[in-house]
Amino acid sequence: MTAYLIKGVRLLGGDPADLLIADGVIAEGPADGAEVIDAEGLVALPGLVDLHTHLREPGREDAETVETGSRAAALGGYTAVFAMANTSPVADTAGVVEQVWRLGREAGLVDVQPIGAVTVGLAGKQLAELGAMATSAANVRIFSDDGFCVADPRLMRRALEYVKAFDGIIAQHAEEPRLTEGAQMHEGEVSTRLGLTGWPAVAEEAIIARDVLLAEHVGSRLHVCHVSTAGSVEVLRQAKARGVRVTAEVTPHHLLLTDELAASYDPVYKVNPPLRTASDVRALRQALVDGVIDIVATDHAPHAVEDKECEWAYARPGMVGLETALPVVLSVLGEQWDLIAERMSRAPARIAGLAGHGTDLTVGSPANLTLVDPSARRVVDPSGLASRSRNTPYAGTTLPGRIVATFLRGEPTVLDGKAVK
Ligand SMILES: NC(=O)N[C@@H](CC(=O)O)C(=O)O
Ligand SMILES: [Zn+2]
């Protein structure tokens, strides 16, 4: 196994120092024979961990595969991603989650941890085999019907009760379906102007409020996917103050973009939950800083050209995000490296109970890390993405920060900004 000496790197933005990687871990000298990487001006972060990635395999390999998505993740500085269950077939059995887990191991670019479906076929009618998925080789601990909301409160309660036995998590896509029928974008001034049916903020907030109460009643763990409104932040703030076992994520796009973009009628801006208002964006940023929102998750949602380059009403919702997440967060938070490491690596690893990721880069810890050049600027070019899909809302936008290298257990997955395989 090659050893690497990363010279003059700024650990979490601190003073320049040398970092030795040998035998898969952060090591101590001597560094004889190690391959030297000149890291002057680069910042080292623990490898990023994404709790919300859509890899599309099995079923929509034309949009993404476990391998192409893993490569996009590594290029984005990630060392672990959690694969959502809305594949075809749905990841609602031990067989499918084991297949995804195995494909991740074969690709070997990031650790791929499957998320299991809460209900059979994501249909919201009957609990899936949560126990069988938990005891499978994939060791599933997070369950989600993401793409759909577990709308039936009785099923949601049963799911929370079921996973309590092994301290599992139900990750909810919070959307009261009766309030979002036919919705095309955020309900507000812009949707009124454009004459598009709106997705009101309360459709998200009502489900979060309900689920927080259910999680409190059961004493189980709830994770709220892609929080998008100021009102949701207030519900979460109160729940956390009461000690409810709830965690929450925000996506990079909800931290940066607003519903005004829908006026272009470019479906690249169509996403669930929809882009909200500037005051929602302000509240989400504040919540991410003060910890009411625990983590950034990409909700990387690749879609084939025919599903995105069509009329707004027919386009599928979702954006790719793995390769731009850190640059977007850097543009929002600035060089607050410790906060970035907390929200994009340590906290997601801790929430998921993922060993070996999100650890401090001290001697003896697994060498899962990424090197970032904060002074670089990049114009996002969709054709340059490693993802099989091109639906990025940042095409032509200049973003700060370039991911120079990523290491998974001491082996480079990215060097000089390029995937090694
Ligand atoms: N976010 C989206 O707009 N789409 C996701 C589903 C989801 O995360 O809700 C997808 O799978 O395409
Ligand atoms: Zn979702």
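Reply: The model is predicted, so local features need pLDDT of at least 70 and side-chain atom pairs count only at pLDDT 80 or more, while totals for chains, interfaces and linings use all residues. Residues are numbered from 1 along each chain as its sequence is written, and chains are lettered from A and ligands numbered from 1 in the order in which they are written.

The C-alpha centres of domain 1 and domain 2 lie 26 Å apart. Domain 1 is made of 4-43 + 364-419, and domain 2 covers 47-352; these bounds come from an automatic or database domain assignment. To the contact, domain 1 gives 28 residues and domain 2 gives 39 residues, where two residues are in contact if their C-beta atoms, placed from the backbone, lie within 7 Å.

On the domain 1 side, strand E16 (369-379), strand E17 (398-408) and strand E18 (411-415) each supply at least two residues that touch domain 2, and E17 has the largest share, with six residues. Here helices (H or I, at least four residues) and strands (E, at least two) are DSSP runs, numbered from the N terminus. By type, the residues on this side of domain 1 divide into 16 nonpolar, ten polar and two charged; Ala, Val, Leu, Ile, Met, Phe, Trp, Tyr, Cys and Pro count as nonpolar, Asp, Glu, Lys and Arg as charged, and the others, Gly among them, as polar.

One residue to look at is Gly-41, found in the loop between strand E4 (35-38) and strand E5 (43-46). Gly-41 counts as partly exposed because it has 15 C-beta neighbours inside 10 Å; a residue is buried if 20 or more other C-beta atoms lie within 10 Å of its own, exposed if 12 or fewer, and partly exposed in between, with C-beta atoms placed from the backbone. Not counting residues up to four places away in sequence, Gly-41 touches Asp-373 and Ser-375.

Just after H11, Gly-334 takes a positive phi of about 70 degrees.

Strand E6 leads on to an open sheet of three strands, in the order E6-E7-E8 with parallel pairing, where two strands pair if DSSP finds at least two bridges between them. E6 and strand E8 (111-114) are the edge strands, each pairing on one side only. Strand E7 (residues 78-83) and E8 pair in the parallel sense over four bridges; Val-81 stands opposite Val-112 in E8, and the bridge partner of Ala-83 in E8 is Pro-114. From E8, Asp-111 and Gln-113 point one way and Val-112 and Pro-114 the other way, and all are buried. Helix H12 lies across E6 and E7, running at about 60 degrees to E6; for such angles, axes are lines fitted to C-alpha atoms, for helices over the stretch in contact, and the values run from 0 to 180 degrees between N-to-C directions.

Finally, Asp-299 lies in the loop between E15 and helix H10 (305-308). UniProt lists Asp-299 for "active site" in an unreviewed entry; such positions are given in the numbering used here, feature names are shortened, and annotations may be inferred rather than shown by experiment. Asp-299 is buried, with 30 other C-beta atoms within 10 Å. Leaving aside neighbours within four places in sequence, Asp-299 is in contact with His-52, His-226, Thr-251 and Gly-321.
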